[in-house]
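I have opened my notebook on a structure that is new to me, and you are welcome to read along. My plan is to look things up one by one and jot down what I find.

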Amino acid sequence: MHIAVLNGPNLNLLGEREPELYGRTTLAEIEARTRERARQLGVEVSWTQSNHEGELVDAIQRLGGGEVHGIVINAAAFTHTSLAVRDALLAVRIPFVEVHLSNIFAREPERRRSVLADAAVGLVSGFGAESYRLGLEGLVGHLQARHGA
């Protein structure tokens, strides 16, 4: 099983950007932990981060074709605004889980809305770096149940 993990803008600054809100764990540390958990689950993981909406859309489109079974996505600020990211996810028809470090529903009003959530298999929000592990585990469980594994 192959899971793609996609990360949106400013996540490359994790660990230094607003640590009181996002924690001190870097994206590289989250990636290492996620890869280790994926290994334990017997799952292959690919990892992408982009600060550019079009690059994220291109990355999603490249996932079509059947080699990727699921997506874990932290679209960051694009969560609240990007119909382009949403449309790309819908176009490739790959099940995805939306993850967020902070609880977006306890944030500013403009951050309480996700344009992705209704199309997602699930949403994990507010558990810091653990959101990625929880999202990965949930998605793998969903895919295994769906395919009778």
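Entry 1: I began with Arg 37, which is partly exposed at a relative accessible area of 23% (buried means under 20%, exposed over 50%, and partly exposed in between, with a 1.4 Å probe and protein chains only). Before going on, I noted that this is a predicted model, in which local features need pLDDT of at least 70 and side-chain atom pairs count only at pLDDT 80 or more, while totals for chains, interfaces and linings use all residues. I also noted that residues are numbered from 1 along each chain as its sequence is written, and that side-chain values use heavy atoms, with hydrogens and water left out.

Which side chain does Arg 37 meet in a salt bridge? I found Glu 137, at 2.6 Å from N to O. For a salt bridge, a side-chain nitrogen of Lys or Arg has to be within 4 Å of a carboxyl oxygen of Asp or Glu. This pair links distant parts of the chain, since Arg 37 is in helix α2 and Glu 137 is in helix α5 (residues 130-146), 100 residues apart. Helices here are DSSP runs of H or I with at least four residues, strands are runs of E with at least two, and both are numbered from the N terminus. Glu 137 is partly exposed, with 24% relative accessibility. I then saw that Arg 37 and Glu 137 belong to a network of salt bridges together with Glu 130 and Arg 133.

**Entry 2: the two helices around that pair.** I read that two packed helices are described by the angle between their axes and the distance between the axes. So how do α2 and α5 cross? Their axes come within 9 Å and cross at roughly 30°. An axis is a line fitted to C-alpha atoms, for helices over the stretch in contact, and angles run from 0 to 180 degrees between N-to-C directions. The two helices are therefore roughly parallel to each other, a label for angles under 35 degrees. I also wrote down that α2 passes α5 in a right-handed crossing, which is to say that the near helix is turned clockwise from the far one by less than a right angle.

Contact means heavy atoms within 4.5 Å. On the α2 side, the residues that meet α5 include Leu 27, Ile 30 and Leu 41. On the α5 side I listed Tyr 132, Leu 136 and Val 140 among them.

**Entry 3: other salt bridges.** How many does a search of the whole structure find? It finds seven. Being four residues apart in the helix, Glu 31 and Arg 35 are separated by about one helical turn. Glu 31 is partly exposed at 22%, and Arg 35 is partly exposed at 35%. I also noted Arg 17 with Glu 18, whose closest N and O atoms are 3.6 Å apart.

**Entry 4: the sheet.** I traced five strands forming an open sheet in the order β2-β1-β3-β4-β5, with parallel pairing. Strands β2 (44-49) and β5 (122-125) stand at the edges with a single partner each, so one side of each has no neighbour in the sheet. From one strand to the next, the twist averages 20°. Two strands count as paired if DSSP finds at least two bridges between them. Strand β1 (residues 2-7) is joined to β2 by six bridges, and His 2 stands opposite Glu 44 in β2. Helix α2 packs on the sheet here, touching β1 and β2, and its direction makes about 165° with that of β2. Helix α3 (residues 53-62) lies across β1, β2 and β3 (70-74), at about 175° to β1.

**Entry 5: strand β4.** Is β4 (residues 96-100) mostly covered or mostly open? It is mostly covered, with five of its five residues buried. Phe 96, Glu 98 and His 100 are on one side, and Val 97 and Val 99 are on the other. Glu 98 is also the bridge partner of Ile 73.

**Entry 6: a loop.** Ser 102 lies in the loop between β4 and β5, and it is buried at 8%. Arg 113 is in the loop between β4 and β5 as well, but it counts as exposed at 52%. Leaving aside neighbours within four places in sequence, Arg 113 is in contact with Thr 79 and His 80.

Definitions and conventions. Parallel < 35°, antiparallel > 145°, perpendicular 65-115°, else oblique.
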